[in-house]
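Hello,

Here is the structure for you to look through. My notes on it follow below.

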Amino acid sequence: MELTLAARKAITKAQLAKWPKATKTEKGAILDAVCEVTGWHRDHARKAIRTMLTRPEPGPRQPRVPVQRYDQTAVELLTQCWAVLDGPCGKRLRPALDQTLANLARHGHLDTVPAEVVDQVRAMSAATIDRRLAPARTGLVAQKGLSHTRPGSLLKTSIPLKTWAEWNDTIPGFLQIDLVGHEGGDNNGPFHYSLDATDIATGWTETITVHSKGERIVAAGLEQLHTEVCPSVRTVALNGTFGSREVGHCGEVSEVYCRVSVRGGADGG
(Lines give C-alpha, C1' and ligand atoms only; values in the text may rest on other atoms or scores of the structure.)
Protein backbone atom coordinates (compact mmCIF):
# COMPACT_ATOMS: atom_id res chain seq x y z
CA MET A 1 0.00 0.00 0.00
CA GLU A 2 1.42 3.38 -1.02
CA LEU A 3 2.24 5.74 1.81
CA THR A 4 0.52 9.05 2.11
CA LEU A 5 2.43 12.32 1.97
CA ALA A 6 1.91 12.85 5.70
CA ALA A 7 3.38 9.40 6.46
CA ARG A 8 6.41 10.09 4.26
CA LYS A 9 7.05 13.39 6.01
CA ALA A 10 6.78 11.69 9.42
CA ILE A 11 9.34 9.05 8.39
CA THR A 12 11.72 11.72 7.10
CA LYS A 13 11.24 13.82 10.23
CA ALA A 14 12.30 10.86 12.39
CA GLN A 15 15.77 10.96 10.79
CA LEU A 16 16.39 14.68 11.35
CA ALA A 17 18.10 14.27 14.74
CA LYS A 18 20.81 12.06 13.21
CA TRP A 19 21.50 14.20 10.14
CA PRO A 20 23.44 17.28 11.43
CA LYS A 21 26.22 15.29 13.18
CA ALA A 22 26.27 12.33 10.80
CA THR A 23 29.27 11.60 8.59
CA LYS A 24 29.04 11.39 4.84
CA THR A 25 28.68 7.61 4.99
CA GLU A 26 26.01 7.83 7.68
CA LYS A 27 24.12 10.42 5.69
CA GLY A 28 24.17 8.11 2.70
CA ALA A 29 22.73 5.33 4.86
CA ILE A 30 20.02 7.67 6.12
CA LEU A 31 19.10 8.64 2.57
CA ASP A 32 19.01 4.98 1.52
CA ALA A 33 16.67 4.13 4.41
CA VAL A 34 14.34 7.06 3.66
CA CYS A 35 14.25 6.31 -0.07
CA GLU A 36 13.57 2.62 0.53
CA VAL A 37 10.57 3.32 2.73
CA THR A 38 9.10 6.37 1.00
CA GLY A 39 10.00 5.58 -2.60
CA TRP A 40 11.57 9.00 -3.10
CA HIS A 41 14.61 9.75 -5.23
CA ARG A 42 17.79 10.49 -3.25
CA ASP A 43 17.85 14.12 -4.43
CA HIS A 44 14.27 14.65 -3.34
CA ALA A 45 14.88 12.96 0.02
CA ARG A 46 17.99 15.12 0.61
CA LYS A 47 16.03 18.28 -0.27
CA ALA A 48 13.17 17.27 2.06
CA ILE A 49 15.58 16.77 4.97
CA ARG A 50 17.33 20.09 4.42
CA THR A 51 13.98 21.90 4.14
CA MET A 52 12.78 20.45 7.43
CA LEU A 53 16.03 21.45 9.15
CA THR A 54 16.11 25.05 7.89
CA ARG A 55 12.38 25.87 8.07
CA PRO A 56 10.53 25.51 11.36
CA GLU A 57 7.40 23.43 11.30
CA PRO A 58 4.32 25.66 11.08
CA GLY A 59 1.99 25.60 14.04
CA PRO A 60 -1.66 24.67 13.94
CA ARG A 61 -3.69 26.70 11.55
CA GLN A 62 -5.74 29.37 13.22
CA PRO A 63 -9.47 29.24 12.51
CA ARG A 64 -10.64 31.93 10.17
CA VAL A 65 -12.60 34.67 11.84
CA PRO A 66 -15.92 35.05 10.02
CA VAL A 67 -16.52 38.43 8.47
CA GLN A 68 -20.07 39.61 9.05
CA ARG A 69 -20.84 41.71 6.02
CA TYR A 70 -24.54 41.92 6.80
CA ASP A 71 -25.62 42.91 10.30
CA GLN A 72 -28.64 41.60 12.19
CA THR A 73 -30.81 44.52 11.12
CA ALA A 74 -30.30 43.63 7.47
CA VAL A 75 -31.17 39.99 8.17
CA GLU A 76 -34.37 41.07 9.95
CA LEU A 77 -35.36 43.21 6.97
CA LEU A 78 -34.61 40.31 4.64
CA THR A 79 -36.78 38.04 6.78
CA GLN A 80 -39.60 40.59 6.57
CA CYS A 81 -39.38 40.62 2.76
CA TRP A 82 -39.29 36.83 2.71
CA ALA A 83 -42.41 36.61 4.88
CA VAL A 84 -44.28 39.19 2.78
CA LEU A 85 -43.69 37.09 -0.35
CA ASP A 86 -44.86 33.88 1.37
CA GLY A 87 -41.43 32.34 1.96
CA PRO A 88 -39.83 31.78 -1.47
CA CYS A 89 -36.36 30.35 -1.95
CA GLY A 90 -33.34 32.56 -2.47
CA LYS A 91 -33.33 32.28 -6.26
CA ARG A 92 -36.93 33.47 -6.42
CA LEU A 93 -36.60 36.07 -3.69
CA ARG A 94 -33.50 37.77 -5.10
CA PRO A 95 -35.14 39.19 -8.31
CA ALA A 96 -38.14 40.41 -6.30
CA LEU A 97 -36.21 42.26 -3.58
CA ASP A 98 -36.01 45.61 -5.36
CA GLN A 99 -39.73 45.84 -5.97
CA THR A 100 -40.57 44.50 -2.52
CA LEU A 101 -38.34 47.04 -0.79
CA ALA A 102 -39.81 49.82 -2.92
CA ASN A 103 -43.33 48.79 -1.94
CA LEU A 104 -42.38 48.64 1.75
CA ALA A 105 -40.82 52.09 1.54
CA ARG A 106 -43.86 53.52 -0.24
CA HIS A 107 -46.15 52.31 2.54
CA GLY A 108 -43.90 53.67 5.29
CA HIS A 109 -42.52 50.36 6.60
CA LEU A 110 -38.89 51.44 6.07
CA ASP A 111 -39.08 54.89 7.67
CA THR A 112 -36.99 53.78 10.65
CA VAL A 113 -34.60 51.59 8.66
CA PRO A 114 -31.25 53.19 7.72
CA ALA A 115 -30.48 53.49 4.01
CA GLU A 116 -27.28 51.44 4.37
CA VAL A 117 -29.29 48.51 5.74
CA VAL A 118 -31.57 48.60 2.70
CA ASP A 119 -28.49 48.68 0.46
CA GLN A 120 -27.13 45.61 2.25
CA VAL A 121 -30.32 43.69 1.56
CA ARG A 122 -30.25 44.74 -2.09
CA ALA A 123 -26.65 43.49 -2.41
CA MET A 124 -27.34 39.98 -1.07
CA SER A 125 -26.92 37.09 -3.48
CA ALA A 126 -29.32 34.16 -3.70
CA ALA A 127 -26.92 31.87 -1.82
CA THR A 128 -26.45 34.44 0.95
CA ILE A 129 -30.21 34.84 1.23
CA ASP A 130 -30.66 31.10 1.73
CA ARG A 131 -27.94 31.01 4.40
CA ARG A 132 -29.31 34.01 6.29
CA LEU A 133 -32.87 32.70 6.18
CA ALA A 134 -31.97 29.22 7.42
CA PRO A 135 -32.93 29.99 11.06
CA ALA A 136 -36.27 31.43 9.94
CA ARG A 137 -37.04 28.35 7.86
CA THR A 138 -36.44 25.97 10.77
CA GLY A 139 -39.68 24.26 11.67
CA LEU A 140 -41.55 25.80 8.73
CA VAL A 141 -40.25 23.60 5.92
CA ALA A 142 -40.55 19.83 6.12
CA GLN A 143 -37.22 18.02 5.88
CA LYS A 144 -38.78 15.22 3.85
CA GLY A 145 -41.77 15.09 1.58
CA LEU A 146 -45.03 13.89 3.10
CA SER A 147 -46.66 10.91 1.43
CA HIS A 148 -49.75 8.96 2.42
CA THR A 149 -48.95 5.91 0.33
CA ARG A 150 -46.04 3.60 -0.32
CA PRO A 151 -45.37 2.28 -3.82
CA GLY A 152 -45.81 -1.40 -4.44
CA SER A 153 -43.31 -2.24 -7.17
CA LEU A 154 -44.49 -5.84 -7.66
CA LEU A 155 -48.10 -4.84 -8.27
CA LYS A 156 -47.20 -1.86 -10.42
CA THR A 157 -45.07 -3.94 -12.76
CA SER A 158 -47.76 -6.61 -13.06
CA ILE A 159 -50.49 -4.18 -14.23
CA PRO A 160 -50.00 -2.68 -17.71
CA LEU A 161 -50.92 0.96 -17.27
CA LYS A 162 -49.88 2.11 -20.74
CA THR A 163 -51.72 1.32 -23.95
CA TRP A 164 -50.21 0.16 -27.21
CA ALA A 165 -50.66 3.67 -28.59
CA GLU A 166 -47.57 5.76 -28.94
CA TRP A 167 -47.28 8.28 -26.10
CA ASN A 168 -47.75 11.54 -27.95
CA ASP A 169 -48.07 14.55 -25.66
CA THR A 170 -48.82 16.91 -28.56
CA ILE A 171 -52.29 15.43 -29.05
CA PRO A 172 -55.02 16.16 -26.50
CA GLY A 173 -56.28 13.14 -24.63
CA PHE A 174 -53.12 11.95 -22.89
CA LEU A 175 -53.59 12.45 -19.16
CA GLN A 176 -51.53 12.32 -16.02
CA ILE A 177 -53.50 11.74 -12.84
CA ASP A 178 -52.52 12.31 -9.26
CA LEU A 179 -54.05 11.72 -5.82
CA VAL A 180 -53.37 14.56 -3.38
CA GLY A 181 -54.24 14.52 0.31
CA HIS A 182 -55.38 17.72 2.06
CA GLU A 183 -54.50 16.99 5.68
CA GLY A 184 -52.83 20.32 6.50
CA GLY A 185 -49.67 18.62 7.75
CA ASP A 186 -51.48 16.28 10.18
CA ASN A 187 -52.86 13.06 8.72
CA ASN A 188 -54.58 12.04 11.95
CA GLY A 189 -58.34 11.99 11.53
CA PRO A 190 -60.53 12.22 8.43
CA PHE A 191 -59.68 14.50 5.52
CA HIS A 192 -60.39 14.63 1.79
CA TYR A 193 -58.30 13.91 -1.29
CA SER A 194 -58.21 15.53 -4.71
CA LEU A 195 -58.11 13.25 -7.72
CA ASP A 196 -56.55 15.41 -10.44
CA ALA A 197 -56.39 14.69 -14.16
CA THR A 198 -54.23 16.96 -16.34
CA ASP A 199 -54.08 16.85 -20.13
CA ILE A 200 -50.36 16.94 -20.98
CA ALA A 201 -50.80 18.67 -24.33
CA THR A 202 -53.21 21.46 -23.36
CA GLY A 203 -52.68 21.73 -19.60
CA TRP A 204 -56.43 21.39 -19.01
CA THR A 205 -57.02 20.07 -15.50
CA GLU A 206 -60.10 18.49 -13.97
CA THR A 207 -60.39 17.71 -10.27
CA ILE A 208 -62.86 15.67 -8.28
CA THR A 209 -62.96 15.13 -4.53
CA VAL A 210 -62.82 11.74 -2.81
CA HIS A 211 -63.21 11.41 0.92
CA SER A 212 -60.58 8.67 1.36
CA LYS A 213 -57.97 6.67 -0.55
CA GLY A 214 -59.94 3.44 -0.19
CA GLU A 215 -59.90 0.95 -3.02
CA ARG A 216 -63.51 1.24 -4.15
CA ILE A 217 -63.65 5.00 -3.62
CA VAL A 218 -60.59 5.66 -5.79
CA ALA A 219 -61.84 3.23 -8.45
CA ALA A 220 -65.20 5.01 -8.49
CA GLY A 221 -63.42 8.35 -8.78
CA LEU A 222 -61.44 7.13 -11.78
CA GLU A 223 -64.62 5.87 -13.40
CA GLN A 224 -66.27 9.26 -12.75
CA LEU A 225 -63.32 11.04 -14.38
CA HIS A 226 -63.65 8.80 -17.42
CA THR A 227 -67.41 8.96 -17.90
CA GLU A 228 -68.20 12.53 -16.82
CA VAL A 229 -65.05 14.57 -17.27
CA CYS A 230 -62.66 12.88 -19.71
CA PRO A 231 -64.66 10.55 -21.98
CA SER A 232 -62.23 10.88 -24.92
CA VAL A 233 -59.07 10.01 -23.01
CA ARG A 234 -56.49 8.08 -25.02
CA THR A 235 -54.09 6.96 -22.33
CA VAL A 236 -53.19 7.82 -18.77
CA ALA A 237 -50.08 7.96 -16.57
CA LEU A 238 -50.32 7.30 -12.85
CA ASN A 239 -48.32 9.53 -10.54
CA GLY A 240 -46.10 7.88 -7.92
CA THR A 241 -48.40 8.95 -5.06
CA PHE A 242 -50.75 6.05 -5.78
CA GLY A 243 -50.26 3.15 -3.40
CA SER A 244 -50.56 -0.58 -4.07
CA ARG A 245 -54.27 -0.79 -3.33
CA GLU A 246 -55.10 2.20 -5.53
CA VAL A 247 -52.98 0.89 -8.39
CA GLY A 248 -54.71 -2.47 -8.13
CA HIS A 249 -58.12 -0.89 -8.59
CA CYS A 250 -56.79 1.46 -11.25
CA GLY A 251 -55.86 -1.71 -13.07
CA GLU A 252 -59.47 -2.88 -12.83
CA VAL A 253 -60.75 0.21 -14.64
CA SER A 254 -57.71 0.74 -16.84
CA GLU A 255 -59.15 -1.35 -19.66
CA VAL A 256 -62.03 1.14 -19.90
CA TYR A 257 -60.17 4.21 -18.73
CA CYS A 258 -57.18 3.70 -21.00
CA ARG A 259 -59.10 2.67 -24.09
CA VAL A 260 -57.43 4.06 -27.21
CA SER A 261 -59.64 6.17 -29.47
CA VAL A 262 -57.06 6.94 -32.18
CA ARG A 263 -57.24 5.29 -35.56
CA GLY A 264 -55.61 1.89 -35.72
CA GLY A 265 -55.30 1.63 -31.95
CA ALA A 266 -55.97 -1.27 -29.64
CA ASP A 267 -57.48 -1.55 -26.21
CA GLY A 268 -55.02 -1.00 -23.39
CA GLY A 269 -54.63 -3.43 -20.53
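**Notes on the structure**

Aspartate 43 is partly exposed, with a relative accessible area of 47% (buried means under 20%, exposed over 50%, and partly exposed in between, with a 1.4 Å probe and protein chains only). The model is a predicted one, in which local features need pLDDT of at least 70, side-chain atom pairs count only at pLDDT 80 or more, and totals for chains, interfaces and linings use all residues. Residues are numbered from 1 along each chain as its sequence is written, and side-chain values use heavy atoms, with hydrogens and water left out.

Salt bridges

Aspartate 43 pairs with arginine 46 in a salt bridge, where the closest N and O atoms are 3.0 Å apart (a salt bridge is a side-chain nitrogen of Lys or Arg within 4 Å of a carboxyl oxygen of Asp or Glu). The two residues are 3 apart in helix H3 (residues 42-54), so about one helical turn separates them. Helices (H or I, at least four residues) and strands (E, at least two) are DSSP runs, numbered from the N terminus. Arginine 46 is partly exposed too, at a relative accessible area of 23%.

The structure holds 4 salt bridges. Another of them joins aspartate 98 to arginine 122, with 3.2 Å between the closest N and O atoms. Because aspartate 98 lies in helix H5 (residues 90-106) and arginine 122 in helix H6 (residues 115-123), this pair ties together parts that are 24 residues apart in sequence. Aspartate 98 has a relative accessible area of 39% and is partly exposed; arginine 122, at 30%, is also partly exposed.

Aspartate 130 forms a salt bridge with arginine 137, and their closest N and O atoms are 3.4 Å apart. Aspartate 130 is partly exposed, with a relative accessible area of 32%.

Aromatic pair

There is 1 aromatic pair in the structure. Its members are phenylalanine 191 and tyrosine 193, which are tilted, at 5.2 Å centre to centre and 40° between the planes. Rings of Phe, Tyr and Trp (its six-membered ring) pair if their centres lie within 6.5 Å; planes under 30 degrees apart count as stacked, over 60 as edge-to-face and the rest as tilted. Both phenylalanine 191 and tyrosine 193 are buried.

The chain overall

The protein chain has 11 helices and 4 strands. Of its 269 residues, 32% count as buried. Among contacts (heavy atoms within 4.5 Å) between residues at least 6 apart in sequence, 64% join residues at least 24 apart.

Regards
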